[in-house]
Amino acid sequence: MVLGSGFYVLSFHENDKLNISKGLNKMSKDVSLGKTFFAGIWDSNPVLRLLLGMCPTLAVTAAVKPALTMGLSVVFVLLFSNIVVSLLRHQLKPHLRILMFTLTIATAVTIADLYLKAFMPEMSASLGPYIPLIIVNCIIIGRAEACASKNGLIVSIIDALGMGAGFTITLCVLAAIREVLATGNIFEITVMPGSFTPWAAMGMPVGAFITLGLILGAVNIISKKTA
Amino acid sequence: MSNNETKNPILFFMQESWLLLVSAILFGCLLACLSAAWQPKIIQNEIDKFNALAGGLLSEAKGFQNAGESISVDIGKGKTYSVRVKKGTDAAGNLVGWAFVCEGSGFADKIKLVVATDAAFEKLAGFGVLSSNETPGFGDKITIKDGFYQSQFKGAPVTELELTKVGDAETIDSRIVAISGATVTSEAVVKTFNTFLLPIKEAMAEQGLL
């Protein structure tokens with residue numbers, strides 16, 4: 001399946017008839033910058049439409065702060081990776097391209113990890129292994145393959161910003177719902193009345209699955225109505 | 001015979017992979033530069049965190065310095081964990097206690113602790129949690145400073161600790177009452193203490209620190 005599988009990303013290149021690759025490859029044909037940006041937020045939202053990057057989506061959304069940090073880290077890695085891959089796209093050998101993508105992504109993730117350890121140590125400790133795990137996030141390698149390796153620098157940058165924004169917004173919405181219901185707070189500010197009883201389950205993995213499932217259901221209903 | 005096979009293999013390798021090699025070198029240099037620039041800050045963050053936790057446990061301590069050699073503790077399954085014990089000293093330089101970092105396997109992930117003892121290494125001054133990913137609302141109660149669980153370790157003897165599910169948590173002895181709903185995490189902390197405390201005490205005695 002798609003969820004968190006780097007192998008899948010390698011395989012969809014071979015079979016572009018799959019529905020998901022249709023969404024991923026859309027960028028190479030559509031160079032309208034506005035459409036490219038907003039595709040990442042709604043039409044090809046990596047989490048809600050393509051179901052990519054599900055591991056951090058479920059793991060770091062117990063509160064908004066870590067979710068926002070994860071989202072911004074992914075935006076940085078996407079930008080770095082898309083810029084490098086786009087600049088080098090004419091030199092890429094087809095059979096070595098995945099190695100090149102991996103090298104680029106690993107470098108960006110290491111920079112993000114070092115930065116968080118140096119300047120946001122509490123957040124780095126809170127996110128644990130999930131920042132290094134961005135290396136195997138399918139969104140990054142998927143965009144490098146579907147967009148950056150086939151488009152110019154500007155389109156690749158806009159695509160990275162759109163996809164990154166879509167990922168970050170989704171994580172923050174999911175985290176906000178969970179944090180409010182699990183603690184009554186958001187950004188450590190109490191927003192629920194004193195009579196509110198926190199739902200501890202919403203802070204646990206089960207809360208992540210339930211909330212994500214409900215959001216995916218809502219997105220599917222909206223999509224059908226607007227189709 | 002194909003063209004590739006007649007070519008010089010080294011030349012062929014360079015033609016195919018020069019971009020990968022050059023990129024690897026450039027990215028490696030970039031990471032080396034950033035690491036060199038940020039590593040002192042990262043190390044200082046770790047020292048600050050240790051000092052804040054250990055200083056909270058040994059309130060009279062004004063500083064912590066390495067004491068003796070690194071101690072290798074057997075953590076089972078043929079693995080060892082290297083511990084560097086630090087001595088806490090007051091403003092006059094007098095020894096007020098010992099502190100060290102140790103870790104064990106919790107319910108979800110590794111639990112990394114800062115453990116402090118008195119100057120004689122006879123009684124625990126308590127523990128602080130450097131890192132853990134235990135279940136919110138249950139296992140993560142081990143991180144509550146002066147909470148129900150942590151309080152039981154303050155003044156407890158440096159000996160084999162025992163975990164019980166029921167008992168009087170206010171009686172300070174070697175019996176530690178588990179957190180309700182977080183027995184695995186409670187057990188992990190006690191097991192970590194039992195793995196590290198006595199071997200470290202023995203090694204410190206051998207080094208002439210006690």
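Chain B carries an open sheet of five strands, ordered β1-β4-β5-β6-β7 and paired antiparallel; two strands count as paired if DSSP finds at least two bridges between them. Helices (H or I, at least four residues) and strands (E, at least two) are DSSP runs, numbered from the N terminus. The edges are β1 (63-66) and β7 (124-131) of chain B, each pairing on one side only. On average, neighbouring strands in this sheet are turned by 30° against each other, direction ignored.

This is a predicted model, with local features needing pLDDT of at least 70 and side-chain atom pairs counting only at pLDDT 80 or more, while totals for chains, interfaces and linings use all residues. Residues are numbered from 1 along each chain as its sequence is written, and chains are lettered from A and ligands numbered from 1 in the order in which they are written.

Within the sheet, β5 (residues 95-105) and β6 (residues 110-118) of chain B run antiparallel and are joined by nine bridges. S105(B) has K110(B) of β6(B) as its bridge partner.

Two helices of chain B go with the sheet. Helix α2 (residues 9-57) of chain B lies across β1, β4 (86-89), β5, β6 and β7 of chain B, at about 155° to β7(B). Angles run from 0 to 180 degrees between N-to-C directions, with axes fitted to C-alpha atoms, for helices over the stretch in contact. Helix α4 (residues 183-206) of chain B packs on the sheet too, touching β5 and β6 of chain B, and its direction makes about 130° with that of β5(B). Contact here requires C-beta atoms, placed from the backbone, within 7 Å.
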